[in-house]
Amino acid sequence: MTNGLSGPRKQFLDVLRVLATCAVVLMHVLTGATDVTDASIMPEYRSLLLSVMDLVTWCVPIFLLISGYLFLNPERTLTYPVMIKKYCRRIALAILLFGVPYAASELVVAERTFRIRMIPEALKMTLTGHTWSHMWYLYLILFLYLITPLLKKVLRVLPVWGVAAVMAVIFLGSSVAPFLNKVLDVNSIPVLPDGGVYFLYYLCGYFFAVREVGVDKGRNVWLTAAVAVLALGMILSRTLAGFSIQMAYNYPFTVLLAVLLFAAGWNGSIKKHRIPWQEAGALSFAVYLVHPVYVNLLYKFVKITPFTVLEQCGVQSVAAGQAVLILLLAAFCLVVLALATATAWVLRKIPVLRKYVL
């Protein structure tokens, strides 16, 4: 979610960054609504909700792929002083400037009052990772940034096939094995830590950086078809086969979809448009940071969600309800996205925030 390399930037990175940010907002619009909604009204819409989640869970993996592509590029030199002073400092400041107020807001809501001692309490919560849930990504990316200079040294001596072998082991141990355990309802298949998949995405970005090739129109067709078939297959498994396991960042479907989407952009499937992708991409980090504010305002204070509106519509059939629910999720997403984008634009007008944080 960072700007990464200076100088001319590849447009596909901005496009993917913007699309992933929109997917994050939609995901939190959906999960936020289910968190505050009586579960008894949702069973008939479960397959639809799971399908939507399937189609947006690639968002965080794409951010990690972008970071790996930029920071692990062998043509780029990154020392610890540069990494810490420029990139780690930026993430750390974002954690403090946004995490502390978010943690404090939780204390205020819980106690229905404000005490000055809440500020150090909120600081302690933030330093220990107990702030709003979406901030977890910043702690993850901060860790990856801290190990990047050392990782680059290892990658300089490790052949590409060796990197591919490491990625294969992580994929099998952190993605395939946990998924099989879940599907088969067993715990007998040895697994690697789930967090290993985030390292896998980071390495995937490196793999694309060292395998740069020209645009191949034939490969564009195959990649686009693969994305469509994978997405359609997952939807059909929900609607026809009743597959009910919710996808996670480490499950094979999510890994394959994220890699295929990144590959499609990397291969030149994303063409130049008049849309100001670079300007929109520059806002994505701030949008990520602030959008839950508006989700919480709508759901917890205004007390309006897609499900409450759906109830008021009085639809007579499940099919009609599903269609209305899709439109409502899209509408809520657009509202939150518009508000968060406007806020991000204002925040980036503040010179110190623009220079050191956003």
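Let's start with salt bridges: the structure holds three of them, where a salt bridge is a side-chain nitrogen of Lys or Arg within 4 Å of a carboxyl oxygen of Asp or Glu. A word on what we are looking at: this is a predicted model, where local features need pLDDT of at least 70, side-chain atom pairs count only at pLDDT 80 or more, and totals for chains, interfaces and linings use all residues. Residues are numbered from 1 along each chain as its sequence is written, and side-chain values use heavy atoms, with hydrogens and water left out.

As background, side chains of opposite charge can pair when their charged atoms come close. Take D14 and R17, whose side chains meet in a salt bridge at 3.0 Å, N to O. Both residues lie in helix 1, residues 11–35, three residues apart, which is about one turn of the helix. Helices here are DSSP runs of H or I with at least four residues, strands are runs of E with at least two, and both are numbered from the N terminus.

Are D14 and R17 buried or exposed? Both are buried; that word means under 20% relative accessible area, with exposed being over 50% and partly exposed in between, using a 1.4 Å probe and protein chains only.

Now over to R115. The side chains of E111 and R115 meet in a salt bridge, again N to O, at 3.0 Å. R115 also forms a salt bridge with E121, with the closest N and O atoms 3.5 Å apart. E121 counts as partly exposed, at 28% relative accessibility. Through shared partners, salt bridges join E111, R115 and E121 into one network.

On to the rings. A search of the whole structure finds 19 aromatic pairs. Rings of Phe, Tyr and Trp (its six-membered ring) pair if their centres lie within 6.5 Å; planes under 30 degrees apart count as stacked, over 60 as edge-to-face and the rest as tilted. One of the pairs is F71 with Y87: the ring centres are 4.8 Å apart and the planes sit at 85°, so this pair is edge-to-face. F71 lies in helix 3 (residues 59–71) and Y87 in helix 4 (residues 80–111), so the pair ties together parts that are 16 residues apart in sequence.

How accessible are these two? F71 is buried, with a relative accessible area of 0%, and Y87 is buried too, at 7%. Y87 also pairs with Y145: their ring centres are 6.4 Å apart and their planes at 75°, so this pair is edge-to-face. Y145 lies in helix 6 (residues 136–157) and Y87 in helix 4, so the pair ties together parts that are 58 residues apart in sequence. Y145 is buried, at 1% relative accessible area.

There is also one aromatic cluster formed by F63, W136, Y137, Y198, Y249 and Y288.

Last stop, the surface. Y80, I84, L146, L150, V154, V157, L158 and V166 form a nonpolar patch with about 670 Å² of accessible area together. Patches are made of residues with over 30% relative accessible area and no salt bridge, joining like charges within 9 Å and nonpolar side chains (Val, Leu, Ile, Met, Phe, Trp, Tyr) within 5 Å. Accessible areas come from the Shrake-Rupley method with a 1.4 Å probe; for residues, only the protein chains shown count as cover.

Which element gives the largest share of the nonpolar patch? That is helix 6, with four residues. V157 lies in helix 6 and counts as exposed, at 70% relative accessibility.
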